[in-house]
Amino acid sequence: MSFREKISDYFAIEENRIKFISIVVFTAVIVLLAWQSDDAYHAYIMAKNLVDGNGFVYNVGERASASSCPLFTLIVAFGYLIIRNMFLVSLLICVIFSTTAYSIVVNTFCHTVKQVIITFIVFVSSVSFISYTTSGLENCLLFLLAVLFLKLLLNNEVYDRKKLFIMGILISLIAMTRMDAVLMFVPAILYIYLFKRERVSFPKAVLIGFLSLLPFILWEVFSVFYYGFPFPNTAYVKLGTDIPLPEYLYRGFQYLFITTICDLPVIMVPCFALILIIAVKDIRYISVGAGILLYFVYIIYIGGDFMLGRHFTVMFFMSVILLLDIFDNRSINEIKRKKYEKIYMIAVFLTVLFSCTTHVITDQFLYGNRYGSNIADERAGYFKYTSLFNNAVSYVKTGEMCIRDAWNEEGIDDYRSKGITSGLLRSIPGISVYYNADMYLSDLYALGDPFLSKLPAVREDNWRIGHMWREEPEGYGESIIYGGNRLENESLKQYYDVILLITRGDLFDKDRIKAVIDINTGKYDHLIEEYKETLDENNRQK
């Protein structure tokens, strides 16, 4: 073996060693900071009910979906079937998915020790990214599916039938994980199917695309048949509010601004990637960049989110991968590549420096904003009660986990003291519903309520995206507690009868199937409009 070969082998061994160390340290970081979001428990409730034989539902006896991530929820259900501890098994799944995604990035796209180190620094410097490597939400699965998609896209010039099918399957799985996340991948998959087929005619490509999308299509068929609606109940809650578009746009830009101030890396990296994509003019990068930009606009359009940076994390993750691939792309002039990489490293250094030295400023925007942005660092808020670390310490000291202390359950205790097993509260967190699964519980935020979710939201000056409550119609609370239909408004009474038939009636009942078709084609919309007119009239009289 020549001296040059020995040197080459030495550096290869060192590079692999550094990669392994970075993966171990990355895993340690996300395990130490592992936590549970309250919103994750809406999915956990459904996973537990499915495993316990109560159906894939939120409240037992009522077919409604409170999960916007059905595939992830089914995976959690499978894990819970094996390990009957929802807290631990859900975090284990998150850690496995996130660590696997990071490992693929490092082993596939990092070709130097310098790239491994800078990639590690970029990932751990983002508060939002690290927060949603765990949290119990679907981001971890999206990270894994995104890196698998990009690995195939960036390592192939043309696609035969098998590769087209695999790419389509990944799109299907992404759609089942979170339907709107598909927007980030639509331009790239269209580019592949339209222009990069190898010995596959267009009609065959259409057939392959259809077959690869069957998992998602079958899920949608099941959703309409089983729940009565094509979208999860949460989608109707968040978007069917009658709040004007300008207010959503204002919230969207506010979300962008506060995320930029409080977690600069998660915004800087995608912006840098988009600029570089324009500079290198590679159609593959452009197709991915178009998806990132499309999703960016979509986030603004829907008003952002209340969880700091959450909806930017997947595009951030994809952007890191794109930049690494650009820096190693031999078709780009080497001098330019080195220049781009040097600028990127400087930008990362300045961004990390900003993030590490400006907490006095960023905390003001999170907690001291005069106008109350309602955008929060959820991990910071929940860590005391829902983190793996604190629950482990609590269990060692007291024999009990501290997660139950996350929320006050006075309203539920009041129902129990009166022997009431069903109730409608102003607010009922997912954690509380999970640990009181023997009761039927709903609240005015309607995330698991298939009736209230279709009603107009109450407009407040400082409404929070995803948390727009509904006014309780006269007689609805009594209907929940005592059963039947006790609504006083005649239009709503008719509408509630339809909801009861769809969500509680016999699955194969002909009248139910007809009602499912009718409600999704707008036949009953006039009942909601009549109710809105009544509300408007009452408000004018006040």
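Modeller: Contact means that heavy atoms lie within 4.5 Å. This is a predicted model, in which local features need pLDDT of at least 70 and side-chain atom pairs count only at pLDDT 80 or more, while totals for chains, interfaces and linings use all residues. Residues are numbered from 1 along each chain as its sequence is written, and side-chain values use heavy atoms, with hydrogens and water left out.

Colleague: Which residues does Leu-153 touch, not counting residues up to four places away in sequence?

Modeller: Contact is the test here, and neighbours up to four places away in sequence are set aside. What remains for Leu-153 is Tyr-159, Met-167, Ala-188, Ile-192, Arg-284 and Val-288.

Colleague: How do the rings of Trp-219 and Phe-222 lie, stacked, edge-to-face or tilted?

Modeller: Trp-219 and Phe-222 are 3 residues apart in helix H11 (residues 214-226), so about one helical turn separates them. Trp-219 is buried at 12% relative accessible area, whereas Phe-222 is partly exposed at 31%. Their ring centres are 5.4 Å apart and their planes stand at 40°, so the pair is tilted.

Colleague: How far apart in sequence are the parts that the pair of Phe-296 and Phe-312 ties together?

Modeller: Phe-296 is partly exposed at 23% relative accessible area, and Phe-312 is buried at 0%. The ring centres of Phe-296 and Phe-312 are 5.9 Å apart with planes at 40°, so this pair is tilted. Phe-296 lies in helix H15 (residues 283-301) and Phe-312 in the loop between H15 and helix H16 (313-327), so the separation in sequence is 16 residues.

Colleague: Which residue has its charged end over the ring of Tyr-236?

Modeller: A charge sits over a ring if NZ of Lys or CZ of Arg is within 6 Å of the ring centre and within 35 degrees of the ring normal. For Tyr-236 the distance from the ring centre is 4.7 Å. The face of Phe-229 has a charge over it at 4.2 Å from the ring centre. In the case of Tyr-236, the residue is Lys-454.

Colleague: How far apart are the end C-alpha atoms of helix H3?

Modeller: The expected span of a helix is 1.5 Å times one less than its number of residues. Helix H3 (residues 70-82) has 13 residues, so it should span 18 Å. In agreement with this, the end C-alpha atoms are apart by 19 Å.

Colleague: Is Ile-403 buried or exposed?

Modeller: Ile-403 lies in the loop between helix H20 (388-398) and helix H21 (410-417). Leaving aside neighbours within four places in sequence, its contacts include Tyr-41, Phe-87 and Tyr-435. At 1% relative accessibility, Ile-403 counts as buried.

Note on methods. Rings of Phe, Tyr and Trp (its six-membered ring) pair if their centres lie within 6.5 Å; planes under 30 degrees apart count as stacked, over 60 as edge-to-face and the rest as tilted. Helices (H or I, at least four residues) and strands (E, at least two) are DSSP runs, numbered from the N terminus. Buried means under 20% relative accessible area, exposed over 50%, partly exposed in between (1.4 Å probe, protein chains only).
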